[in-house]
Amino acid sequence: MTGPADSPQSQPLAPPPAAPPVVVITGQSGAGLSTALKALEDLGYEAVDNLRLSLLTHLVEQASDRPLAIGIDSRTRDFSADAVLGELDRLRRATGRAVSLLFMEASDEALQRRYTETRRPHPLATDRPVPDGIARERTLLWPLRDNADVVVDTTQLSIHDVRRLLGGHFRLDTAPSLHVFVTSFSFRHGVPREADLVFDVRFLDNPHWVPDLRPLTGNDAPVGAFIEKDGDFPAFFDNLTRLLAPLLPRYMSEGKRYLTIAVGCTGGRHRSVFVANRLAAWLQTQGSRVGVAHRELDRSGVSPEPAHVVNRETR
């Protein structure tokens, strides 16, 4: 005889599946909006570009079973920053779906160079110089940038970098996890704009001043051995991991899915490369999904892939 504890009514119910996410993409013309929309489409989102605001809620309700990536920018007929923010608020209340606002931007210099190279007029400066359109659009879009869930600055990013970043933020994973991307860089070429955390390792002994080590990189064992002999390195790395260990679960609990950690030195070839590799290896032991790259080695054509860390995306 079946007891009450074994009855179907007593069995715990599985939680209902989460509604597919909605990502609204906006930002500056020339900053990579089309690239972002295509990247999300490749991730499995249904992509819709240049949608009229008045149709936004209707589209989301009609596609309740599909993840959506929707492009809305200054070309849209009924576009205004306040109207977009108001429509997003109504959309969240009406559908109950997770709606993220992605904002794409770039520096004025980068945008002007891109328009010069393509010889296309700026949509807000068809009868005036491109810089006027860029300035006008930046002012128009500022409230959206200020309220965006994710801001991606493409000034120094390649198409591959943009796709990597968006994949980290918006991948359609069933199991929640924190994806950490570690990159080394040279301070003389600027801090990566996408970095969430930046660590300066210029205090470590510099292999650049050792003639036999100068042509090598932080991927090479002799360089690593030299850095590890620095008396301050063990304590520094221990303190670095002790700082990060409690942060990772807190980022997860706050809903953050993608974290970029940048490690910099003077030339971006020795100390920062070695420390970034060591940090990526440690992060793997913490259960994070880890990607690693070396900005200056990528630019110079030197192989960025160390033997002990799989480049880009690993578990």
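Over how many bridges do strand S1 and strand S3 pair, and in which sense? The close-up views below, taken from a predicted model, begin with this pair and then move to other parts of the protein.

**View 1. Strand S1 beside strand S3.** Strand S1, which covers residues 22–27, and strand S3, which covers residues 68–71, pair over four bridges in the parallel sense. Within this pairing, Val-23 has Ala-69 of S3 standing opposite. Helix H3, made of residues 81–95, packs on the sheet and touches S1 and S4, and the direction of H3 makes about 155 degrees with that of S4.

**View 2. The open sheet of five strands.** Read across the sheet, the strands follow the order S2-S3-S1-S4-S5, and their pairing is parallel. Strand S2 (46–48) and strand S5 (150–153) form the edges, since each of them pairs on one side only. From one strand to the next, the twist averages 20 degrees. Helix H1, residues 33–42, lies across S1, S2, S3 and strand S4 (99–105), and H1 runs at about 165 degrees to S1.

View 3. Asp-73 is found in the loop that lies between S3 and H3. Is this residue buried or exposed? Asp-73 has a relative accessible area of 4%, and because buried means under 20% relative accessible area, Asp-73 counts as buried. When residues up to four places away in sequence are not counted, Asp-73 touches Thr-26, Gly-27, Leu-33, Asn-50 and Phe-79.

**View 4. Strand S6 and the strands that it pairs with.** Strand S6 is mostly covered, with eight of its eight residues buried. On one side of S6 are His-179, Phe-181, Thr-183 and Phe-185, on the other are Val-180, Val-182, Ser-184 and Ser-186, and all of these residues are buried. S6 runs parallel to S8, to which it is joined by eight bridges, and here Ser-186 stands opposite Cys-265 in S8. S6 also runs parallel to S9, with six bridges between them, and here Val-180 stands opposite Val-290 in S9.

**View 5. Ala-262 in strand S8.** Ala-262 is found in strand S8 and is buried, with a relative accessible area of 0%. Leaving aside neighbours within four places in sequence, the residues in contact with Ala-262 are Thr-183, Phe-185, Pro-192, Ala-195, Leu-197, Val-198 and Phe-199. Ala-276 is 14 residues apart from Ala-262 in sequence, while the C-alpha to C-alpha separation of the two in space is 7.8 Å.

**View 6. Two nonpolar cores.** The largest nonpolar core has 29 residues, and those with the most contacts inside it are Val-182, Ile-261, Leu-279 and Leu-283. At least two residues of this core are supplied by each of several elements, including strand S6 (179–186), helix H8 (233–253) and strand S8 (258–265). Helix H9 gives the largest share of this core, seven residues. Leu-283, with neighbours within four places in sequence left aside, is in contact with Val-180, Val-182, Leu-248, Ile-261, Ser-288 and Val-290. Apart from this core lies another one, of 26 residues, among them Ala-36, Ala-69, Met-104 and Val-150.

**View 7. The protein as a setting for the close-ups.** The protein contains 10 helices and nine strands, and of its 315 residues 47% count as buried. The protein exposes about 16,100 Å², of which carbon and sulfur atoms supply 52%.

Terms used:
Residues are numbered from 1 along each chain as its sequence is written. This is a predicted model: local features need pLDDT of at least 70, side-chain atom pairs count only at pLDDT 80 or more; totals for chains, interfaces and linings use all residues. Side-chain values use heavy atoms; hydrogens and water are left out. Two strands pair if DSSP finds at least two bridges between them. Axes are lines fitted to C-alpha atoms, for helices over the stretch in contact, and angles run from 0 to 180 degrees between N-to-C directions. Contact means heavy atoms within 4.5 Å. Buried means under 20% relative accessible area, exposed over 50%, partly exposed in between (1.4 Å probe, protein chains only). Accessible areas come from the Shrake-Rupley method with a 1.4 Å probe; for residues, only the protein chains shown count as cover. A nonpolar core is a set of buried Ala, Val, Leu, Ile, Met, Phe, Trp, Tyr and Cys residues joined through side-chain atoms within 4.5 Å.
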